[in-house]
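Work through the exercises below with the sequence and the model in view. Each task is followed by a solution in steps.

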Amino acid sequence: MRTIDDHRAEITALLAPLRGSLGSEWLPVSGESLSADPARYLRRVLARDLVSPSSLPAFDNSQMDGFAVRAADLATATAHSPVSLPVAPRVAAGDVFGSHAAGTATPIMTGAGLPEGADAVVQIEKAVPPVFPTASGDTHVSFVEPVAAGTFVRSAGSDVREGEVLLAAGAVLGPAQFGVVAGTGAVRVEVRRRIRVLLVSTGHEIRDAGTALAPGQIFDANTVSLTAALLGAGCEVVARPCRSDDADDLLDVIRDEPDVDLVVTVGGVSAGAREVVRDALGPLGVKFMKVAMQPGGPQGFGRIEVAVEGAAAALPVVCLPGNPVSALVSFEAFLRPALLRTLGAEPLRETRRAPSAEAFASPPNHHQLRRGVLEPDGRLRLRGGPSSHLLHSYAESTVLVHVPVGTTRVAEGDELDFWRIDG
Ligand SMILES: Nc1nc2c(c(=O)[nH]1)N[C@H]1C(S)=C(S)[C@@H](COP(=O)(O)OP(=O)(O)OC[C@H]3O[C@@H](n4cnc5c(N)ncnc54)[C@H](O)[C@@H]3O)O[C@H]1N2
Ligand code: MOO
């Protein structure tokens, strides 16, 4: 019996050589470059450890609007015996900050550098009066309680230290990652080149939306769903459906796009009289097998020789089953983790556990991946049945629920593993 883990390991091994050959590219980091070409920045994976060129914060600064003081000056302050201090010139964020004389209070705004000599900040709300003095107003401010040294001071390097690894190779870059890179003053990041995937969904009955269907024909769901899935894993996609059951036509589609890192086919792998993917790729050495999983049982993978710039290259091929749910579940179980590992990133789906909200049956010889939702009370509720044509109930789902081999019946309350698929 071939398990999900066995097959994932083989697909991961198939793609592993890409890791060395893929290479990297530099991305400029600025608001202008991100907004000019947003697609270029989605799901990028850092190619190398990024060492921080500066510390964050770069200097000690105030966390609050208030008064910078020396904690020692307020040591005796109480409501009955307030400490009154003369007010020094104000510092705001961006101002050059000088030094703070002992026995004074410096009005300071959030983000302003802490003048040398001060070691704490008292919020304006705690000062008496609780307002900043105007040029013509009070020249003194009172404090009614002591303050500990370090209060509301954001110390230099408390977030990032210059020279430390800011982000490790394999980090997936999102808003916070780009933000902290920009905050340190780095102007570019080195990311892995995207894996370029030729996606070939097959079937002579499949037509594009917008065309008239003859009896027996259906619209192509897989090209769009798998393109979206591959983009979501950070790949570049060349989608070239093959609307023919002729093996030569499929081989022509593949040979016409040799400049890719991976071929993913969809459909044509089961036991019919004509299975275009088996017929075309089996003789070239691609192997077909059954994984003890439902949906997504029939699978294939291997390498085929193609001519790239006159030289023969061994192109990895992954063959997914054609039922729309089977194709997507196979992507989740095998391709997505293998692609992310190839880029050096951790596969993002975390396995969690929750009780089932209902009883249901399961085939004992297959690991079932049922679609469902995590209810507000923390229980797993299935959406739709187990059949692999039920794409709508997949679209309504937020989790894939694992029912392991050997389980014939799940009772209400039984704990099951699940993956979130809504992120
Ligand atoms: N005798 C057997 N029949 C089948 C077996 C089996 O073991 N023995 N396995 C079943 C399982 S499980 C699956 S999964 C499918 C896999 O079939 P194929 O990979 O050969 O896929 P197709 O036959 O091409 O298509 C299956 C199904 O999905 C529809 N389809 C295909 N492409 C698209 C698309 N782009 N958009 C929307 N729908 C698509 C297609 O029309 C078929 O209905 O085989 C079972 N049979
Ligand atoms: O295993 Mo197939 O993928 O159920 O429909």
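**Exercise 1.** By class, how many nonpolar, polar and charged residues does the lining of the largest pocket have?

Solution. The model is a predicted one.
- Step 1: Take the lining of the largest pocket, which consists of 37 residues.
- Step 2: Sort the lining by class: 14 residues are nonpolar, 17 are polar and 6 are charged.
- Step 3: Locate the centre of the pocket; Gly 267, Gly 268, Pro 321, Gly 322 and Asn 323 are the lining residues nearest to it.

**Exercise 2.** State how much space lies in the largest pocket, and name elements that each supply at least two residues of its lining.

Solution.
- Step 1: The space in the largest pocket comes to about 550 Å³.
- Step 2: At least two lining residues come from each of β17 (218-219), β21 (293-294) and α8 (324-342).

**Exercise 3.** Find where ligand 2 sits and describe the residues around it.

Solution.
- Step 1: The site of ligand 2 is the largest pocket.
- Step 2: Its surroundings are Gln 294, Pro 295, Gly 296, Gly 297, Pro 298, Asn 323, Ser 326 and Ser 388.
- Step 3: Sorted by class, this shell has 2 nonpolar and 6 polar residues, and no charged ones.
- Step 4: Look for polar contacts, for which the cut-off is 3.5 Å between N or O atoms. A polar backbone atom of Gly 296 is 2.4 Å from an oxygen atom of ligand 2. From the side chains, an N or O atom of Gln 294 is 3.1 Å from a ligand 2 oxygen, and one of Asn 323 is 3.3 Å from a ligand 2 oxygen.

**Exercise 4.** Which residues are closest to ligand 1, and which polar side-chain atoms lie 2.5 Å, 3.2 Å and 3.3 Å from its atoms?

Solution.
- Step 1: Ligand 1 is surrounded by 22 residues, with Glu 205, Asp 220, Ala 221, Lys 290 and Gly 322 the closest.
- Step 2: Lys 290 has a polar side-chain atom 2.5 Å from an oxygen atom of ligand 1.
- Step 3: For Asn 222, the distance is 3.2 Å, from a polar side-chain atom to a nitrogen atom of ligand 1.
- Step 4: For Asn 323, a polar side-chain atom is 3.3 Å from an oxygen atom of ligand 1.

**Exercise 5.** Describe the stretch that UniProt lists as "domain: MoaB/Mog".

Solution.
- Step 1: The UniProt entry, which is unreviewed, gives residues 198-341 for this domain.
- Step 2: Over residues 198-341, helix makes up 31% of the chain and strand 31%.
- Step 3: The end C-alpha atoms of this stretch are 19 Å apart.

Conventions: Residues numbered from 1 in each chain as written. Chains lettered and ligands numbered in written order. Predicted model: local features only at pLDDT ≥ 70, side-chain atom pairs only at ≥ 80, totals over all residues. Heavy atoms only, no water. Near = heavy atom within 4 Å. Polar contact = N/O pair within 3.5 Å; in protein donor to acceptor, adjacent residues only side chain to side chain. 1 Å grid on protein atoms, 1.4 Å probe; cavity = no way out; pocket = protein on both sides within 12 Å on 5 of 7 lines; lining within 4 Å. Sits in = over half its atoms within 2 Å of the grid points. Nonpolar A, V, L, I, M, F, W, Y, C, P; charged D, E, K, R; others polar. Points joined across faces, edges and corners; volume = space filled by probe spheres on them. Helix = DSSP H or I, 4+ residues; strand = E, 2+ residues; numbered from the N terminus. UniProt positions renumbered as here; feature names shortened; annotations may be inferred.
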